[in-house]
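Walk me through this structure.

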Amino acid sequence: MTKEEVNKIFKEKYGNESPEVYTSPGRVNLIGEHTDYNGSFVFPGAIDKGMIAAIRFNGTDKIRAYAIDLDESSEFGLNEEDLPKEGWAKYIFGVCREIIKRGGTIKAFDTAFAGDVPLGAGMSSSAALESTYAFALNEMLNLSIDKFELARIGQSTEHNYVGVKCGIMDQFASIFGKKGHLIRLDTKSMEYEYFPFDPKGYKLVLLDTLVKHELASSAYNKRRESCETAATTIAKRYPEVEFLRDASMQMLDEVKNEISEEDYIRAQYVIEETQRVRDVSEALERGDYETVGQRMYETHHGMSKLYEVSCEELDFLNNVAREHGVTGSRVMGGGFGGCTINLVKDELYDSFIVDAKEQFKDKYGHEPKVYDVVISDGARKL
Ligand code: GLA
């Protein structure tokens, strides 16, 4: 939806005075999955799909919000007990509460928003929503919150008002995104580096299974607990280990009998994934996309067999990619449904898409959705 369209709907709903309009994107992630709550590395980029919101202060003590795509409204106050019942409104409420907790003063506003990040596809529609409001309110109220803290406000919203104990990757990418660049973020030091991403001769494409699994958030939180158990057990012997990122397979093997088999294989995945992100950073520096692709397949294998966040449909698409000779393919994001991200040679692109659509439809009765990845800018005013 364009700025003009959102503006028009806002005015129809809340009157003629002009609102301000902000947008913030979803993200892809080249590699480094479930590493961001383990102090390790991620490699995301913002995409050309996001949320767009018109906002205007209303001089009352109630926020009035309208979700254009759902044609649903919500009205809520700014105190902790005013938590709205609509799932989508919790994100806006949470962002306001997290700003207030950090000492900021929020003035109530009217808002209408829309988005084109597919929901539940692993492209972080929720982070896009949080980042839109965190970024906009910071500017509109001159709060002088730095960009890292804006990302943390979105993350805390997930923790405290949505119930997902997520890492920082999605909100970080949504705020810090830069056109044509992926960002390697060290989630322990929060140091980051922009990598120009223009793989000559290759395309990045997402295939969305359109599968969404219930209980994904509790399964996500459970993965996080396993990692924390493994890390704290290792830390008893190696106090320098704060996160799994600091641990080696040898350290993990030493505590094998002190943790469950499940915690062990989860931690193994994270330790191996940390190394893969390092390998991919080096490979990108020398333009070696074959290595990038190989690591992507290894990540898929780890996410499927060790971390167990894939599903039948994602494994199927991954297999189609491999059999078609696609350079790299893996489940992207939290998992439990959603998309695969594929690094495909230009000359294989068309036949791969046809093949994936046909084979998937034969097996599951519907085609996967195809999204070309365009790496774009982060949160901004329109
Ligand atoms: C979700 C979370 C992120 C990250 C990914 C997996 O998108 O919000 O913090 O953990 O899953 O890499």
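Arg 152 lies in helix H4. The model is a predicted one.

Take Ile 168. It is 16 residues from Arg 152 in sequence. In space, the two C-alpha atoms are 6.9 Å apart.

Met 190 is the next stop. This residue sits in the loop between strand S7 (181-186) and strand S8 (192-196). Its backbone deserves a look. Most residues other than glycine have a negative phi. Phi of Met 190 is positive, near 60°, and Met 190 is not a glycine. Met 190 also counts as buried, because its relative accessibility is 14% and the cut-off for buried is under 20%.

Met 190 is buried, whereas Glu 308 is partly exposed, with a relative accessible area of 40%.

**H4 and its helix partners**

Back to H4. Two packed helices are described by the angle between their axes and the distance between the axes. Start with H2. Helix H2 (residues 87-101) packs on helix H4 (residues 147-162) at an angle of about 115°. Their axes are 8 Å apart. H2 is therefore roughly perpendicular to H4. The crossing of H2 and H4 is right-handed.

Which residues make this contact? From H2 come Lys 90, Tyr 91, Phe 93, Gly 94, Val 95, Arg 97, Glu 98, Ile 99 and Lys 101. H4 supplies Ile 153, Ser 156, Thr 157, Glu 158, Asn 160, Tyr 161 and Val 162. Sorted by class, the contact of H2 with H4 has 7 nonpolar, 4 polar and 5 charged residues.

H3 also packs on H4. The axes of H3 and H4 cross at roughly 130° and come within 9 Å. H3 and H4 are therefore oblique to each other. Their crossing is right-handed. On the H3 side, the contact uses Ser 126, Ala 127, Glu 130, Ala 134, Phe 135 and Asn 138. On the H4 side, Leu 150, Ile 153, Gly 154, Gln 155, Thr 157 and Glu 158 take part. The contact of H3 with H4 divides into 5 nonpolar, 5 polar and 2 charged residues.

**Inside H2**

How much of H2 is buried? The count is 12 of its 15 residues, so H2 is largely enclosed by the rest of the structure. Trp 88, Ala 89, Ile 92 and Cys 96 are among the buried ones. So are the charged residues Lys 90, Arg 97 and Glu 98. What do the buried residues of H2 pack against? Their partners are strand S4 (63-67), strand S5 (72-76), strand S6 (109-115), helix H3 (125-140) and H4.

After H2 comes Gly 103, whose phi is positive, near 95°.

Ala 136 has a relative accessible area of 0%, so it is buried. Not counting residues up to four places away in sequence, Ala 136 touches Tyr 22 and Ile 55.

End with Arg 224, in helix H6 (residues 216-237). Arg 224 is buried, with a relative accessible area of 17%.

Conventions: Residues are numbered from 1 along each chain as its sequence is written. This is a predicted model: local features need pLDDT of at least 70, side-chain atom pairs count only at pLDDT 80 or more; totals for chains, interfaces and linings use all residues. Side-chain values use heavy atoms; hydrogens and water are left out. Axes are lines fitted to C-alpha atoms, for helices over the stretch in contact, and angles run from 0 to 180 degrees between N-to-C directions. Helices (H or I, at least four residues) and strands (E, at least two) are DSSP runs, numbered from the N terminus. Angles under 35 degrees count as roughly parallel, over 145 as roughly antiparallel, 65 to 115 as roughly perpendicular and the rest as oblique. A crossing is left-handed if the near helix is turned anticlockwise from the far one by less than a right angle, and right-handed if clockwise. Contact means heavy atoms within 4.5 Å. Buried means under 20% relative accessible area, exposed over 50%, partly exposed in between (1.4 Å probe, protein chains only).
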